[in-house]
Amino acid sequence: MKHRERVLQAKMDRILEAEEQGTYSKKKRNRVVMRFMNNRLSLVGLVVFAIILLMSIGAPLFTHYDPLKISLKEVLQSPSGKHIFGTDKLGRDVFARVLYGGRISILVGFGSALGAAFIGVVLGTLGGYKGGVFDKCVMRLSEVFMSFPQIILVLLLVSMVGQSMGNLIMIFILTGWGGIYRMTRSKMLSIKQEEYVQALKAFDVNPWLICFKHMLPNALGPILVNITLSTAMFILQEASLSFLGLGVPLQIATWGNVLNAANDLQVLKSYWWLWLPVGIVISLFVLSINFIGDGLRDSSDPSQMG
Amino acid sequence: MVSYIIRRLLTLIPMLLIMTFLIFLGLEMTPGDAVSFLAGPEAMANMTQEQLAALRESMGLNDSFLVRYFRWLGNMCKGDFGYSLTSGVPIKTIIAERLPATLELSLAALLISTILGTILGLLSAMKRDQPVDRILTVAGMVGVSIPEFFFGLVFLLVFSINLGWFPVGGRLRPEYTVYWDHMKNLFLPSIVLGLSMTAGVMRYTRSSMLDTINKDYVKTARSKGLPEWRINLLHGFRVALAPVVVLVGFRLPMLIGGSVVIEQIFQWPGIGNEFLQAVRSQNYPLVMMIALLSVFMVLLASFLIDIITALLDPRVQLD
């Protein structure tokens with residue numbers, strides 16, 4: 001008992017000391033990070049995510065093969081020391097294609113999520129704070145976009161504007177901003193009721209400053225979670241579209257385009273290395289993002305725990 | 001209740017007008033001669049330029065945009081959806097042919113995911129923070145992370161190609177005489193589609209149920225001394241089900257979209273497959289009409305959801 005008291009005493013002293021030096025608040029902010037680190041699954045997710053991301057970015061360090069180089073002498077070789085994931089129908093090294101493909105797939109997923117979040121957050125913040133005609137119009141617009149099943153709208157737009165990586169990111173942004181817009185808007189509506197916002201208004205602070213500098217940071221947690229989860233969703237969508245042959249043009253290596261080979265029953269049956277490893281890599285990567293997103297949600301929003 | 005339904009129906013109209021207008025705009029903007037889309041290929045084949053121009057005039061294609069829009073809308077109400085650019089078949093026929101297959105697959109998948117999802121979600125909520133709950137939660141995460149087409153490919157390889165239990169694809173075969181014969185074909189795609197949607201339903205049921213069993217009226221029920229199963233099922237589950245119905249309802253139209261990839265893998269002759277072909281061949285009228293159909297189903301489903309929610313949850317005010 002005595003000992004515990006002394007430990008507590010010492011802890012209290014440390015806190016007081018830190019407070020005097022003005023460093024205590026910084027430690028408090030780290031609580032989100034601490035809670036995230038305590039979540040074992042999120043941590044595993046973070047590690048897997050980092051491994052796949054780093055291997056994709058640093059692809060040339062891990063393989064000396066060119067993902068696009070056709071080598072007709074080495075067609076459809078099964079995995080070996082020379083080609084870890086084997087080679088495809090044109091003799092291209094599958095491992096290199098998975099690594100380099102990751103770059104494009106992750107770029108498409110993350111870029112689209114960021115773009116959609118940017119539009120959604122800006123419109124949601126303004127709409128939620130100001131209300132009025134602007135808010136009504138944007139809300140209607142988001143309803144229009146959300147009335148389409150997502151993949152139908154994406155495919156419809158692909159058929160209209162044609163296939164390219166840029167177009168795909170644009171289409172994903174266009175079809176994906178609605179969800180984050182609605183979330184930001186409803187968050188803004190509830191933050192608007194808080195007293196500090198009323199006070200800022202009473203002092204006639206510039207409304208732009210109020211919503212973007214004072215209100216938005218308080219909605220950042222769920223926005224971050226949303227960006228994470230929509231990155232996962234867009235990576236899955238890119239893979240599906242490319243698998244169907246309607247995503248990124250086939251000559252660019254992406255995870256979906258590597259999987260595209262599995263459209264052939266013969267490949268499915270006899271050449272498992274063409275599609276199984278890359279499918280597992282996509283699943284692992286998306287799973288790790290989902291774990292991270294879940295951990296972020298738990299650590300940034302205590303009401304969502306459990 | 002009746003007035004609630006009517007009021008809710010009236011709010012659908014402006015949305016439908018906006019959506020049809022956008023689709024019409026899309027049709028106008030995409031390349032392709034509107035005559036061929038409206039008149040059908042046979043009528044077009046033996047015509048000179050002057051005749052075509054006359055036809056265009058007589059069909060009112062030189063009228064103003066709004067006039068054409070409302071005429072097009074009127075035709076749609078009469079069931080005239082225009083013609084497919086590639087095959088010349090009326091779009092109405094194509095949809096009528098393909099829709100049953102998609103609905104069959106979708107409903108089967110919906111049934112599987114709803115039953116499995118609610119049961120597992122309920123189990124998870126009642127055994128909160130116990131190993132069962134943990135395992136189910138992680139399994140759910142894995143479920144939403146695997147691309148459904150990859151999942152489908154693995155199932156196809158294992159159960160159709162290697163084990164030979166199910167046909168590799170297709171829906172109806174000439175040798176099938178009884179309806180039940182093609183259950184074998186339906187089984188794999190509906191399981192894959194159903195399982196890939198189960199995780200969402202499960203998570204939703206769990207959080208909704210956890211939300212409800214902490215409410216005051218559940219505590220009241222417990223303090224009245226009711227048996228635990230009655231509390232969970234009648235007081236908790238009935239209310240917790242309302243948001244689940246919303247989720248399931250929203251899945252209903254998504255199934256036209258959701259089944260696109262699965263239909264392709266299992267060569268299922270449904271709307272999704274037709275849609276993909278249309279997108280590939282840039283058959284715009286068909287693409288637009290199928291998109292419109294899916295939008296129509298989304299709106300219809302959201303209407304039905306509101307009605308069912310009102311029926312399920314005694315707290316929803318009808319007036």
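Is B:Gln282 buried, exposed or partly exposed, judged by the C-beta neighbours inside 10 Å? B:Gln282 has 16 such neighbours and therefore counts as partly exposed. The report below places this residue within a model that is predicted.

## Overall build of chain B

Chain B contains 13 helices and 0 strands. Read along the sequence, its pattern is accordingly written α-α-α-α-α-α-α-α-α-α-α-α-α.

Of the 319 residues in chain B, 35% are buried.

Helix α12 of chain B covers residues 271-280. The loop between α11 (228-265) and α12 holds B:Gln267, and the loop between α12 and α13 (284-312) holds B:Gln282.

B:Gln267 is not a glycine, yet its phi is positive, at about 50°. B:Gln282, also not a glycine, has a positive phi of about 50° as well. B:Gln267 has 14 other C-beta atoms within 10 Å and is therefore partly exposed. For B:Gln282 the count inside 10 Å is 16, which again gives the class partly exposed.

Why is B:Glu274 classed as buried? It is buried because 25 other C-beta atoms lie within 10 Å, and the class requires 20 or more.

Leaving aside residues up to four places away in sequence, B:Glu274 touches B:Ile94, B:Arg98 and B:Ile290. B:Glu274 and B:Ile94 are 180 residues apart in sequence, but their C-alpha atoms are 8.5 Å apart in space.

## The bent helix α9

Helix α9 of chain B spans residues 183-213, which gives it 31 residues. The C-alpha atoms at its ends are only 39 Å apart, whereas a straight helix would reach 45 Å at 1.5 Å a residue. Where does α9(B) bend? The bend is at B:Thr198 and amounts to about 30°.

## How α8 and α9 meet

Two packed helices are described by the angle between their axes and the distance between the axes. For helix α8 (residues 148-162) of chain B and α9(B), the axes come within 10 Å and cross at roughly 145°. This crossing of α8(B) and α9(B) is right-handed.

On the side of α8(B), the contact is made by B:Glu148, B:Phe151, B:Gly152, B:Phe155, B:Leu156, B:Phe159 and B:Ser160. On the side of α9(B), it is made by B:Leu188, B:Val192 and B:Ser196. By type, the residues of this contact comprise 6 nonpolar, 3 polar and 1 charged. An α-helix has 3.6 residues a turn, so residues three or four places apart point the same way.

## Where chain A touches chain B

The two chains also meet: 31 residues of chain A are in contact with 35 residues of chain B. Which helices of chain A each supply at least two residues of the side that touches chain B? They are α6 (132-147), α7 (150-161), α11 (220-243), α13 (265-270) and α14 (276-300).

The largest share of this side of chain A comes from α7(A), with 8 residues. By type, the residues of chain A on this side are 22 nonpolar, 8 polar and 1 charged.

Terms used. Residues numbered from 1 in each chain as written. Chains lettered and ligands numbered in written order. Predicted model: local features only at pLDDT ≥ 70, side-chain atom pairs only at ≥ 80, totals over all residues. Contact = placed C-beta atoms within 7 Å. Helix = DSSP H or I, 4+ residues; strand = E, 2+ residues; numbered from the N terminus. Nonpolar A, V, L, I, M, F, W, Y, C, P; charged D, E, K, R; others polar. Expected span 1.5 Å × (residues − 1). Bend = angle between axes of the 7 residues up to and from the residue. Axes fitted to C-alpha atoms, helices over the stretch in contact; angles between N-to-C directions. Left-handed = near helix turned anticlockwise from the far one by under 90°. Buried ≥ 20, exposed ≤ 12 C-beta atoms within 10 Å, placed from the backbone.
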